[in-house]
Amino acid sequence: MKIKYILALFALVLITMKAKAQDEIVYDQYHFNYYLVNPAVAGAERCSHLMLTGKFQWIGMEDAPMTQTLSFRTRVLKNVGLGAYVYNDKNGSSYRQGGQATFAYHIPLSENNGYFMKERSIDRQLSFGVSAVANRYAFSSQLFTDENSSDPSLGNGDQDKGIYFNANVGLYFLWDNFFLGASAMNLLPTELTEMGVDEPVRPLTYFAFLGYDIDLDNNMTIEPGLMYKGNVDEQSQLDVNLKFMQTVPDNEDLSYWLQASYRHSLDSGNSQALAFYPMGGIRYKRFRLGYAYQLGLTGLNHHNSGSHEIMLGYSWCITKHFCR
């Protein structure tokens with residue numbers, strides 16, 4: 001009965017979030033860190049994680065987008081998780097910076113629920129998270145020329161367009177080798193009036209992901225998974241992921257993972273393949289390094305040589321999983 005109740009709760013959350021998709025600033029880097037798209041992941045493990053990621057898009061094109069994030073998440077007390085990240089994004093002549101601070105609460109679902117953290121099993125748990133978010137928007141001074149003075153998108157003619165606040169919420173469910181997450185971003189859709197009437201709001205956006213670890217021989221695991229993203233602008237897309245992980249035999253200090261991901265647009269009347277991602281990473285003791293290459297499958301791919309993502313991480317323990 002408990003499992004049926006939890007699954008029904010997730011279904012209700014997904015229904016009431018009715019939205020469809022927009023590309024979030026840090027979205028693509030969820031392959032390395034699910035916390036970037038779901039605040040409930042903060043503290044879901046006993047480990048603490050510090051992670052730096054960078055994405056460099058559309059290599060070969062002038063003023064191509066670049067994004068960097070720095071995140072930290074940890075578990076404190078018995079069932080409390082804390083997390084935070086900051087990001088910096090440059091897209092042509094526009095800049096966005098910001099971050100979030102997160103509080104999460106984790107409810108153990110295992111029979112082993114001892115008082116001390118080391119006595120508590122967290123292989124089965126239900127997690128809730130909420131984040132306070134701040135974003136800053138600005139333009140490069142190169143835009144402010146006489147020929148651009150009448151452009152309504154430049155609004156008040158000032159480089160700094162202000163700081164905007166928002167909130168995110170998430171649920172995360174773990175049951176042995178199965179995991180499921182649902183989150184809503186931009187609970188307060190922001191209309192950027194300072195940037196002109198042609199600028200859209202930042203819509204309510206939601207994410208849903210799931211996966212299952214299949215244990216093999218020789219410390220090997222295969223993890224199939226799905227990620228869905230949508231928002232109120234009636235755009236949506238689906239990622240299909242397949243990951244292979246192995247701890248090197250006779251060397252617990254070293255492990256690696258390889259993953260292939262395929263992204264497809266589910267927009268009404270515009271369903272199409274978007275991208276293919278080969279990626280991988282290694283862990284040596286507490287240090288982690290990851291790399292992903294995005295091969296675009298749309299017409300834009302003819303004008304650039306793809307996108308690159310990198311990750312550097314440090315964990316205050318040795319984790320079985322690479323990106324939760």
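User: Which residues of strand β16 are on the covered face, and which on the uncovered one?

Analyst: In β16, residues 287–296, the covered face consists of R288, G290, A292, Q294 and G296. F287, L289, Y291, Y293 and L295 make up the uncovered face. Strands here are DSSP runs (E, at least two residues; helices are H or I, at least four), numbered from the N terminus.

User: What kind of model is this, and how are residues numbered?

Analyst: The model is predicted, with local features needing pLDDT of at least 70 and side-chain atom pairs pLDDT 80 or more, while totals for chains, interfaces and linings use all residues. Residues are numbered from 1 along each chain as its sequence is written, and side-chain values use heavy atoms, with hydrogens and water left out.

User: OK. How many bridges join β15 to β16?

Analyst: There are 8 bridges between β15 (residues 272–284) and β16, and the two strands run antiparallel. Pairing requires at least two DSSP bridges between the strands. Y284 sits opposite F287 of β16.

User: What about the turn of that hairpin, which residue takes a positive phi?

Analyst: K285 does, with phi near 55 degrees, and the hairpin has 2 residues between its strands.

User: And β17, in which sense does it pair with β16, parallel or antiparallel?

Analyst: Antiparallel, over 8 bridges, with β17 covering residues 307–315. M311 of β17 is the bridge partner of G290.

User: Take F72. Where does it lie?

Analyst: F72 is in strand β2. Its relative accessible area is 34%, so F72 is partly exposed.

User: Now L174 in β6. Is it buried or exposed?

Analyst: L174 is buried, at 12% relative accessibility. Beyond its neighbours within four places in sequence, L174 contacts I122, D123, R124, Q125, F179 and R324; contact means heavy atoms within 4.5 Å. The C-alpha atoms of L174 and L126 are 6.4 Å apart, although 48 residues separate the two along the chain.

User: R124 is on that list. Which residue does R124 meet in a salt bridge?

Analyst: D176, at 2.7 Å from N to O. R124 is in strand β5 (residues 124–139) and D176 in the loop between β6 and β7, so this pair ties together parts 52 residues apart in sequence. R124 is partly exposed at 27% relative accessibility, and D176 is partly exposed at 36%. A salt bridge needs a side-chain nitrogen of Lys or Arg within 4 Å of a carboxyl oxygen of Asp or Glu.

User: How many salt bridges does the structure hold?

Analyst: It holds 3. One of them joins D239 and R263, at 2.8 Å from N to O. D239 lies in β13 (residues 235–247) and R263 in β14 (residues 254–265), so the pair ties together parts 24 residues apart in sequence. Both D239 and R263 are buried. R96 also forms one with D89, the closest N and O atoms being 3.8 Å apart. R96 is partly exposed at 23%, whereas D89 is buried at 5%.

User: Last one: what phi does N186 have, and where is it?

Analyst: N186 has a positive phi of about 60 degrees although it is not a glycine. It lies in the loop between β7 and β8 (190–191) and is buried at 4% relative accessible area. N218, also not a glycine, has a positive phi of about 60 degrees too. N218 is in the loop between β11 (214–215) and β12 (220–231) and is exposed at 53%.

Conventions. Buried means under 20% relative accessible area, exposed over 50%, partly exposed in between (1.4 Å probe, protein chains only).
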